Amino acid sequence: MGHSHIHGQDHDHHHGSNNKKALKWSFLLISTFMVVEVIGGLMTNSLALLSDAGHMLSDAAALGLSFLALTFGQKKATASKTFGYKRFEILAAFMNGITLVLISLYIFWEAYQRILNPPDVISKGMLIVSVLGLLVNIAAAYILMRGDKDENLNVRSAFLHVLGDMLGSVGAIVAALLIMFFGWGIADPIASIIVAILIIISGWRVTKDSFHILMEGSPGNVDVEKVKGALMKISGVKDVHDLHIWSITSDFPALSCHLVSESGVPYQDLLKTAKKVLHDEFYIEHTTIQIDEKASKCPEENRCE
């Protein structure tokens, strides 16, 4: 019986540092302007601004939580937390996604009330605050894009928060212009509804992806059948069973399996080849592989104790 345990780099230090800086500066930008937008929304009586400010509040919480998640994720493993605190990142992303959904539902309700009773909105002030909000969100989105949003689910959820805010600012600008030039007061709640739809879509995606990881689902970029097929093609391998592929966190896939080998095949050579295949073809570095000889006592059951 042979075992292989490969522990790849948990997170590239440079990438982790970039992510933390991106989240920190985005948090400062969003938090500061959120106060400005709340004041502007109250002064202009604009739901589009207030809903965007509410979303910015969730953004500030999301960015702060994401920053803490990366900080916690870098803590060393302990006897009771053998993978450390990496999964905290996914919990944070999951909470961020749920927050987005709840915020959007609240906006829907407020917009419905305002469609029934359109209020007077100070369009000029609304336009000024909206344009400033767009600039702030563009800056925050640019900062987050410099992080690893394509690899790190938590940074991606924060990016989607800010992207939703950016679209919210665009909607508020359009609504302000429609009110200013055409007197369409209903444009304010309509803009809020459009933004809420965009927010709920992004929130659902983040929630679904993080829930999939929490449920030990296989990584989206890894085809389990292809992995099994690649392992079966290795010379000396007769069968692959008890194959499990999951993610510890968004950019940390893991695998465990049993390889049934022909009699007389050197275990270490087989393990070395299997590890190379998993690393080169599927970018899986954290593996636990057990080798069982074909002549073991339970080949018919396809289970080797």
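Trainee: How many of the 305 residues of the chain count as buried, as a percentage?

Mentor: Buried means under 20% relative accessible area, exposed means over 50%, and partly exposed lies in between (1.4 Å probe, protein chains only). Here 48% of the 305 residues count as buried. This is a predicted model: local features need pLDDT of at least 70, side-chain atom pairs count only at pLDDT 80 or more, and totals for chains, interfaces and linings use all residues. Residues are numbered from 1 along each chain as its sequence is written, and side-chain values use heavy atoms, with hydrogens and water left out.

Trainee: Which elements make up the secondary structure of the chain?

Mentor: Helices (H or I, at least four residues) and strands (E, at least two) are DSSP runs, numbered from the N terminus. The chain has eight helices and four strands. From the N terminus, the order is β-α-α-α-α-α-α-α-β-β-α-β.

Trainee: How do I read the packing of α7 and α8?

Mentor: Two packed helices are described by the angle between their axes and the distance between the axes. Axes are lines fitted to C-alpha atoms, for helices over the stretch in contact, and angles run from 0 to 180 degrees between N-to-C directions. Helix α7 (residues 224–232) and helix α8 (residues 267–282) pack at about 140 degrees, with axes 10 Å apart. That makes α7 oblique to α8. Angles under 35 degrees count as roughly parallel, over 145 as roughly antiparallel, 65 to 115 as roughly perpendicular, and the rest as oblique.

Trainee: Which residues form salt bridges, and how many salt bridges are there?

Mentor: Side chains of opposite charge can pair when their charged atoms come close. A salt bridge is a side-chain nitrogen of Lys or Arg within 4 Å of a carboxyl oxygen of Asp or Glu. The count is four. One of them joins R114 and D188, with the closest N and O atoms 3.4 Å apart. R114 lies in helix α3 and D188 in helix α6, so the pair ties together parts that are 74 residues apart in sequence.

Trainee: Are R114 and D188 buried or exposed?

Mentor: R114 is buried, at 13% relative accessible area. D188 is buried too, at 0%.

Trainee: Where do D280 and K276 lie?

Mentor: Both lie in helix α8, four residues apart, about one turn of the helix. D280 is partly exposed at 37%, whereas K276 is exposed at 53%.

Trainee: What separates the C-alpha atoms of V136 and F33?

Mentor: The distance is 7.4 Å, although V136 and F33 are 103 residues apart along the chain. V136 sits in helix α4 (residues 123–145). At 15% relative accessibility, V136 counts as buried.

Trainee: Which residues make the nonpolar surface patch?

Mentor: Patches are made of residues with over 30% relative accessible area and no salt bridge: like charges are joined within 9 Å, nonpolar side chains (Val, Leu, Ile, Met, Phe, Trp, Tyr) within 5 Å. The patch here covers about 1000 Å², and its residues include I115, L167, F181, W184 and I194. The elements that give two or more residues are α5 (153–182) and α6 (187–214). Helix α5 gives the largest share, five residues. I115 belongs to helix α3 (residues 88–116). At 32% relative accessibility, I115 counts as partly exposed.

Conventions:
Accessible areas come from the Shrake-Rupley method with a 1.4 Å probe; for residues, only the protein chains shown count as cover.
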